[in-house]
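Trainee: I am new to this structure. Can you show me how to read its features?
Mentor: Gladly. Let us look together.

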Amino acid sequence: MTIEIKNICCIGAGYVGGPTMAVIADKCPHIKVDVVDLDIEKIQKWNNTNLDKLPIFEPGLAEIVKRCRGKNLFFSSLVSEKIKNADAIFISVNTPTKKKGLGAGKASDLKWVEACARQVAEFSIGHTIVIEKSTLPVRTAEVIKSILQAEVDCQNNDNKTFDVLSNPEFLSEGSAIEDLFNPDRVLIGGENHNAIESLIKIYENWVPKNKILKTNIWSSELAKLTANAFLAQRISSINSISALCESTGADVREVSRAIGLDKRIGSKFLDSGPGFGGSCFKKDILNLVYLSEYFGLPEVADFWEGVVRLNNWHQHRISKLITKKLFGTLSRKKIAILGFAFKANTNDTRESSAIQICKDLIEEGAILYIHDPKVTNYQIEKDLDNNNTKNSSEEKWHKVEIIDNVFYQADAAVILTEWEEYSEINWTKVSKDMRKPAWVFDTRSIVNSNNVINSGLNFWRIGDGYNQSIESI
Ligand code: NAD
Ligand code: UGA
């Protein structure tokens, strides 16, 4: 029999758990949604009356939290209590790359997922549908099931039963709410028809039925890793071509447009940039690499690892060319960094290309003045690892809150995140503040090149071969 889900508990109040559950609560007023997290400070932020202080910046999220919080959406640290009351539990915890031990550097660290499964096994009552929302290696559902079953056997409690489903999340940060409101598809993998139907009933409140896809559980787990690998592969592909454009006189924007008009290729995800960042692309590909190696498929592993190798190379390529343009040395040179988040419209910096590029520039002796409208000084300090990048006598980087103050006496400005405000910079005004000869490096193709060049600044843009001196073959 299909159960009607009335009480949801989501374990993990992060970039996925928070927005996803807020949207379910908004679209299903008849369902009570509890989001729990061990991080008490994060929960306090979710409960802050000042909606500007939510732990995640995501367009449209604060409005939903305002509508639902305290009505059918609750944030707390009462993990065991909320598990007890739930008919369905979403596991939405972090699954980073393992740092040590077996599979270190590639395999996903499942310790948080395992801890959740143990908590669910211990505290749940009656029948519970356990839903994998986190991105997981193929066959993780088997691990979750065996932990749940072991507890049932241990407690000798036949009234405690479980179904495990895979329901990966495809939202992108910065457009999470829009993606959740209008998903391309909702993917549900599982074995038990009734459990799948119960979950479908939730999504049917706003997602058209033809967009809800049912698969077997392993296909669902693998489809999530594969989707991220394909997306990242497109970015590495176009970034590799950007380097070739700069060497040949071609323009990567023109190449992208020309190939994107081919319906088989499509126009999305063809913007060359400073390299892909974000918490998931790299870790999910490395996980795919690990799985391929584990299953004895070294050629498959090598193919996908190439996507990450290219991305690393591309980030260093950018910092090297900045150094070369500034006469081969950055010693004591002031560089304005515009953008630290891994993409616009988020305060997330995980795996942001800005981190590696800033570290490289600091290594070359530059002093960075970093502006980002949403990333905090504290976060930058964590990412640039103060112990390595600052010492007692000199500061290697500073956070600048007001954008106009970032250019004073700078030798270069480097645009690393495509925040809209950076496309509106008045370069004629800025040029007066910079130390000449000064450069603008646009890794996101968002500024008007003529405005920069006409203001007397040197200009470099990703994948732009027009301004390079090209040697014929
Ligand atoms: P996150 O780090 O922002 O949030 C995870 C949260 O889980 C943290 O707040 C942590 O404190 C909490 N947590 C960990 N163990 C817990 C436990 N036992 N009990 C209670 N709380 C616990 O991570 P995220 O970005 O939300 O990603 C979560 C998962 O979703 C990952 O597997 C990720 O790959 C996947 N995913 C992320 C995105 C994205 O855009 N960030 C998109 C799709 C899928
Ligand atoms: C990505 C996927 O797009 C989501 O579908 C997936 O759910 C999510 O990962 C996940 O599993 O975590 P996200 O990382 O939030 O979402 O952001 P993207 O828009 O995919 O951008 C990732 C990186 O690629 C960013 O650094 C972005 O600037 C870069 N990018 C993206 C480009 O350089 N060029 C492009 O054309 C597109």
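Trainee: How many salt bridges does the structure hold?
Mentor: Keep in mind that this is a predicted model. The general idea comes first: side chains of opposite charge can pair when their charged atoms come close. Here the structure holds 26 salt bridges.

Trainee: Which residue forms a salt bridge with D34?
Mentor: K82 does, with the closest N and O atoms 3.7 Å apart. D34 sits in strand 2 and K82 in helix 4, so this pair links distant parts of the chain, 48 residues apart.

Trainee: Is D34 buried or exposed?
Mentor: D34 is buried, because its relative accessible area is 4% and the cut-off for buried is under 20%. K82, at 12%, also counts as buried.

Trainee: What about R118 and E114?
Mentor: Their closest N and O atoms are 2.7 Å apart. They are 4 residues apart in helix 5, so about one helical turn separates them. R118 has 47% relative accessibility and counts as partly exposed. E114, at 34%, is partly exposed too.

Trainee: How do I read two packed helices?
Mentor: Two packed helices are described by the angle between their axes and the distance between the axes. Helix 9 and helix 10 pack at about 130°, with axes 9 Å apart. They are therefore oblique to each other. Their crossing is right-handed.

Trainee: Which residues in helix 10 meet helix 9?
Mentor: V252, V255 and S256 do. From helix 9 come I238, I241, S242 and C245. By class, this contact has 5 nonpolar, 2 polar and no charged residues.

Note on methods
Residues are numbered from 1 along each chain as its sequence is written. Chains are lettered from A and ligands numbered from 1 in the order in which they are written. This is a predicted model: local features need pLDDT of at least 70, side-chain atom pairs count only at pLDDT 80 or more; totals for chains, interfaces and linings use all residues. Side-chain values use heavy atoms; hydrogens and water are left out. Axes are lines fitted to C-alpha atoms, for helices over the stretch in contact, and angles run from 0 to 180 degrees between N-to-C directions. Helices (H or I, at least four residues) and strands (E, at least two) are DSSP runs, numbered from the N terminus. Angles under 35 degrees count as roughly parallel, over 145 as roughly antiparallel, 65 to 115 as roughly perpendicular and the rest as oblique. A crossing is left-handed if the near helix is turned anticlockwise from the far one by less than a right angle, and right-handed if clockwise. Contact means heavy atoms within 4.5 Å. Ala, Val, Leu, Ile, Met, Phe, Trp, Tyr, Cys and Pro count as nonpolar, Asp, Glu, Lys and Arg as charged, and the others, Gly among them, as polar. A salt bridge is a side-chain nitrogen of Lys or Arg within 4 Å of a carboxyl oxygen of Asp or Glu. Buried means under 20% relative accessible area, exposed over 50%, partly exposed in between (1.4 Å probe, protein chains only).
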